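Trainee: Could you take me through one part of this model in close detail? I would like to follow a single residue and its surroundings, and then whatever else you find worth a look.

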Amino acid sequence: MFGLFKKIVDINNTISAPVDGIFVKMEDVPDPVFAQKMMGDGFAVKPSQTTVYSPVCGKVTSIFPTKHAIGIESDSGRELIVHMGVDTVSLSGKPFKIYVNKGDTVTQASKLAKVDLGMLAVEGREDVIIVAFPGASAEELKLGSFTSVTAGMAVGQL
């Protein structure tokens, strides 16, 4: 009837919040590289808990040696980066415990990492968890408008 009940959500294109916390638009991320979308469009979450989950179903393609970022290719073929904190590369991986390996298959229920938020605070680093889609435009990435989110909650589609 008028197409009201025809909307079908493709689970392969669903993007979920990686952590509980406050939703942050990409342009409001406290890092100019991400805020200016040089790494692609996306979003971030200011976390209220320490466990970071995969925002998509897919395969882990890379884990940075400093453990601050994880690359994933979604089941729909889109690349993304889960970047933990701002300017955290210099911390040599100390605040991060990684639960996945390169080549692992992940779902939105898969734990990627644990972040020591206290250590980030002591080191004077922003603790936002950033999800960036290199090459994705605002027209392709459809995000909802949220204040707070919970890990696994659908926040958009790509």
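Mentor: Leaving aside its neighbours within four places in sequence, T88 is in contact with H68, H83, F96, L120 and R125. The model is a predicted one, and in it T88 sits in the loop that links β7 (79–84) with β8 (96–98). With a relative accessibility of 0%, T88 counts as buried, because the cut-off for that word is under 20%. The T88 side chain also reaches back to M84, whose backbone oxygen is 2.9 Å away.

Let's move on to another threonine, T66. The loop between β5 (58–63) and β6 (69–74) is where T66 is found. T66 has a relative accessible area of 17%, so this residue is buried too. Its side chain makes a polar contact with the side chain of H68, at 2.6 Å, and H68 is also among the contacts of T88. Once neighbours within four places in sequence are set aside, T66 is in contact with V89, S92, G93 and F96.

Finally, a look at a sheet. Three strands make up an open sheet in the order β1-β14-β12, with antiparallel pairing. The edges are taken by β1 (14–16) and β12 (142–143), each having a single partner strand, so one side of each has no neighbour in the sheet. β12 is joined by two bridges to β14 (residues 154–157), and these strands run antiparallel. In β14, Q157 is the bridge partner of K142. As a general point, strands of a sheet pair through backbone hydrogen bonds, either parallel or antiparallel.

Definitions and conventions
Residues numbered from 1 in each chain as written. Predicted model: local features only at pLDDT ≥ 70, side-chain atom pairs only at ≥ 80, totals over all residues. Heavy atoms only, no water. Helix = DSSP H or I, 4+ residues; strand = E, 2+ residues; numbered from the N terminus. Buried < 20%, exposed > 50% of the residue type's maximum accessible area, 1.4 Å probe, protein only. Polar contact = N/O pair within 3.5 Å; in protein donor to acceptor, adjacent residues only side chain to side chain. Contact = heavy atoms within 4.5 Å. Pairing = 2+ DSSP bridges.
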